[in-house]
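Colleague: I would like to learn how to read a model like this one. Can we take it feature by feature?

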Amino acid sequence: MTTSDNTIKLDQFLKFVGIAPTGGQAKLMIQEGEVKVNGTIETRRGRKLVSGDKVTVGGQTFEVAFS
């Protein structure tokens, strides 16, 4: 993935990797404490992720990487 400033918002990342089919679903997952960033529960859907961040949902971990 590529963005202009090499960051992506958490809710957008969840949609990008296919964890959440919609932005609304991503928002709910985040608000309900189902999402961890680098091992810590994250409840801010606008949290900016950078390369190397690890997002965990339901036992699956995804690493943020920009090309």
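Colleague: Where is D11 found?

Modeller: D11 lies in helix 1 (residues 10–16). Helices (H or I, at least four residues) and strands (E, at least two) are DSSP runs, numbered from the N terminus. This is a predicted model: local features need pLDDT of at least 70, side-chain atom pairs pLDDT 80 or more, while totals for chains, interfaces and linings use all residues. Residues are numbered from 1 along each chain as its sequence is written, and side-chain values use heavy atoms, without hydrogens and water.

Colleague: Is D11 buried or exposed?

Modeller: D11 is buried (under 20% relative accessible area; exposed is over 50%, partly exposed in between; 1.4 Å probe, protein chains only). D11 has no salt bridge (a side-chain nitrogen of Lys or Arg within 4 Å of a carboxyl oxygen of Asp or Glu). R45, the nearest side chain of opposite charge, is 4.1 Å away. Lys and Arg count as positive, Asp and Glu as negative; His and the chain ends are not counted.

Colleague: Which faces does strand 5 have?

Modeller: In a regular strand the side chains alternate between the two faces of the sheet. In strand 5 (residues 54–57), V55 and V57 make the covered face, K54 and T56 the uncovered one.

Colleague: How does strand 5 pair with strand 6?

Modeller: Two strands pair if DSSP finds at least two bridges between them. Strand 5 and strand 6 (residues 60–63) are antiparallel, with four bridges. K54 stands opposite E63. The two strands form a hairpin with two residues between them, and G58 in the turn has a positive phi of about 55°. Strand 2 (residues 35–37) also runs antiparallel to strand 5, joined by three bridges.
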